[in-house]
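Subject: Model for your files

Hello,

Here is the model you were expecting. My notes follow below it.

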Amino acid sequence: MQPIILDERLQAAAALALEVLDGKAHPLAADVGCDHGYLSAYLLECVRGLTVCASDVSAPSLEKARTLFAARGLAERARLDVADGLSALPETGVDVVMILGMGAGTILSILSQGLEKVGKASVIVQANVDLPQLRTGLFELGFALEKEVFCCAAGRHYVTILAKKSTQAWMNPRYALLGAAVNGVENEAQRAYFVWQRSVRVREMEQLSCLNTDRARERLTVCGRELQMISEALSMRTCTVADVEQLVGEIAPYELAEDWDNVGLLFGRAKAPVQKILVALDLTQERVEEAKALGAQLIVTHHPIMFSARKRITDQDREGRLMLSMAEAGIAHIAAHTNLDSAPGGVNDTLMKILGVKNVKGEGFVRVGELPEGMTLESLRMKAQQKLKGPVRAYGAPDSLVHILGCCSGAGGSEIRLAMEQGADCFITGEVRHHEALDAVDAGCCVLEAGHFETENPVCEVLSAALQNAADAVQYNVTVFCSKGNPFGRR
């Protein structure tokens, strides 16, 4: 008979159980919520003389376990009960109680209601979310956390905790969050878990940053504090505005920018420390307020400020008010404009990728690639409208077949001729002038006008991810957020 193979999640629990049961004369284990019974069967086959009390609130699930035990000749050493919580535990007690596959709140409720039956038994619990709640709750029930195993199974992260009743139990917010990594991450499994935890908090903070409520502000503060503790556990390095400027330049080399452009660090102190960055397409007052809510010290945008020369900075115009507001909040500003348009993987490559264009080529502002065979202008217009989340205007006959798509995001109508020279029979951009569209259609090239913001904004998520990856590669203590805001109020 083939041995039972457990996934990483159950294997972590089994390893802890085997440690507890090692050397016991008449070992007894309880598997609460045993489901299919694989963990119990595995332990029964590994531990001589072991008896398992397996229970589940679901009779069909328990029947699966019963069938498994019978098929493997383990039925005589297994006691199966349809039961809730710890009600099926024998009065004589057990050596280890295993509660897996439930939420933190459910696990704590089961333990609190059956605490007397747990007695001196070791407890193995496992939850994939709400670990601070689980650790704190165990402490409040009088348990000391003896060991933790971090693992990933089927793309989900788990922490398996071995705990035991003790008068030496202790807890603080840092330990509740970090557990075994309270003094620093010790292995790759822990690192993977806390990198994931960082991303969870980033997503929550992005969603909360535009909500002007007491609850949102409270959660933003808590998440920010937890991000800092996680970063410290990961031993991340201090980062400055100048460091981020260098990383942006590696993603979108500044030498690719046009001579007339304004890129790089445009506002703020180069040596100022940075822990949080907000990436957005445009620098607006709404984005400044979002950065302040997140506690960000730097905003990185595609479109720059001070595009034209200024002689004064006052609150009498939009840009002046922005700079004064950023100065008061200690927020710096970096722009990656035409360098990000031209950079490999930048604005225009992102637009082509979103539209599913293949074999993309080109340099500078223009990209050209192949469309699926037989796509009409109208079907392409509808696809672009769905992908870019905004209205798209078409110039040309709706039933025209298009094969080669050219693009230049933003105000790219002047680049149509260059795309046509590379074989484009359709061109997508953000804005096109009337005479540019007329000339293109007359020359046999259809045009899609999809909006300046809509054709460029997708790069913000790409830039955010690239900047976070670059910062992580050198272990900078930086968290990058991507703004979901639209300056024109559209969603």
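How many bridges join strand S9 to strand S10, and do they run parallel or antiparallel? Four bridges link S9 (residues 276-280) with S10 (residues 298-301), and the two strands are parallel. Val279 stands opposite Val300 in S10.

This is a predicted model, in which local features need pLDDT of at least 70 and side-chain atom pairs pLDDT 80 or more, while totals for chains, interfaces and linings use all residues. Numbering starts from 1 along each chain as its sequence is written, and side-chain values use heavy atoms, without hydrogens and water.

Helices (H or I, at least four residues) and strands (E, at least two) are DSSP runs numbered from the N terminus; strands pair if DSSP finds at least two bridges between them.

The open sheet has five strands in the order S8-S11-S10-S9-S18, with mixed pairing. Strand S8 (264-267) and strand S18 (479-482) each have a single partner strand, so one side of each lacks a neighbour in the sheet.

Helix H19 (residues 459-473) lies across S9, S10 and S18, at about 175° to S18 (angles run from 0 to 180 degrees between N-to-C directions of axes fitted to C-alpha atoms, for helices over the stretch in contact; contact means heavy atoms within 4.5 Å).

By class, the lining of the second largest pocket has 11 nonpolar residues (Ala, Val, Leu, Ile, Met, Phe, Trp, Tyr, Cys and Pro), six charged (Asp, Glu, Lys and Arg) and four polar (the others, Gly among them). H8 gives the most to this lining, with six residues.

Regards
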